[in-house]
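Welcome! Let's take a friendly walk through a protein and look at its pockets.

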Amino acid sequence: MNKQGKIVVLSAPSGCGKSTIIGRLLQEPDALPLQFSVSATNRSPRPGETDGVSYHFLSTEQFRDAVRAGEFIEWEEVYPGRYYGTLRSEIDSKIAAGHNVVLDVDVKGALSVKRIYGPQALTLFIQPPSVQELRRRLEARATDAPEVIDQRVGKAEYELSFAPQFDESVVNDHLDTAVEEARTIITNHLNS
Ligand code: ADP
Ligand code: 5GP
């Protein structure tokens, strides 16, 4: 029988650089052997996001149906009226086949995955250098309306209080350094 794959869960307040870091870790030439778990959400796609690649974009009704059908390992209302969830179909068949998966989920989702999978899962928290720098990055990314940025920065301090419950954490100040620290932590987990 195949050895089961491992799970890596990255979490951080919005704008801390999770997507950037995951993108770098999955890129050649030093790509880690990780498959990205594509979450489902009822939010609208941002420019450049593709259905089935960035997220499975569902209507609110479709999301509720999937909840009722037990299709999620975990799901959260991360922002008012905005639902996000990890589909069983994205994880269980991959790890059963021996593939490792990486998840980008909010802090509560990360701790739920850890509760379910125990030592098979590594939770890694990405910290911003400061809340001011987090706001600057969200403004520079220019993908969200000002009130959405206020909402995300407002939630960041609450989310940062979850960091001690994670297995590991990395400060994303200089991107290259953060990527290398994350790579080392994840490689150790995959080899454990
Ligand atoms: P998240 O996925 O956590 O919401 P992103 O990866 O989209 O965050 O990063 C938010 C913004 O900050 C993006 O515009 C990204 O290019 C930028 N960014 C990421 N890491 C750094 C860094 N170390 N220094 C400066 N800007 C960064
Ligand atoms: P965004 O809208 O910026 O893509 O994501 C907003 C937040 O939702 C981020 O903190 C992201 O990690 C989280 N998120 C994305 N997918 C999931 C998921 O499947 N489950 C949970 N709990 N959170 C998710």
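Which helix gives the most to the lining of the largest pocket? Helix 1 does, with five residues. Helices (H or I, at least four residues) and strands (E, at least two) are DSSP runs, numbered from the N terminus.

This is a predicted model, in which local features need pLDDT of at least 70 and side-chain atom pairs count only at pLDDT 80 or more, while totals for chains, interfaces and linings use all residues. Residues are numbered from 1 along each chain as its sequence is written.

A pocket, on a 1 Å grid over the protein atoms alone, is an open set of points where a 1.4 Å probe fits, with protein on both sides within 12 Å along at least five of seven lines; lining residues have an atom within 4 Å of a point. A volume is the space filled by probe spheres set on the points.

| Pocket | Space |
|---|---|
| Largest pocket | About 1,000 Å³ |
| Second largest pocket | About 170 Å³ |

The largest pocket is lined by 40 residues, and K18, S19, R46, D104 and R141 are the closest to its centre. Among the elements that supply at least two lining residues each are strand 5 (72-79) and helix 5 (131-141).

For the second largest pocket, helix 6 brings the largest share of the lining, three residues. Its lining includes R43, Y79 and Q151.

Now turn to helix 3 (residues 88-96), where E90, I91, K94 and I95 are buried (under 20% relative accessible area, 1.4 Å probe, protein chains only). Seen down the helix 3 axis, these buried residues fall within an arc of 90° (taken from the directions from the axis to the C-beta atoms), so they line one face of the helix.

Conventions: Chains are lettered from A and ligands numbered from 1 in the order in which they are written. Side-chain values use heavy atoms; hydrogens and water are left out. Buried means under 20% relative accessible area, exposed over 50%, partly exposed in between (1.4 Å probe, protein chains only).
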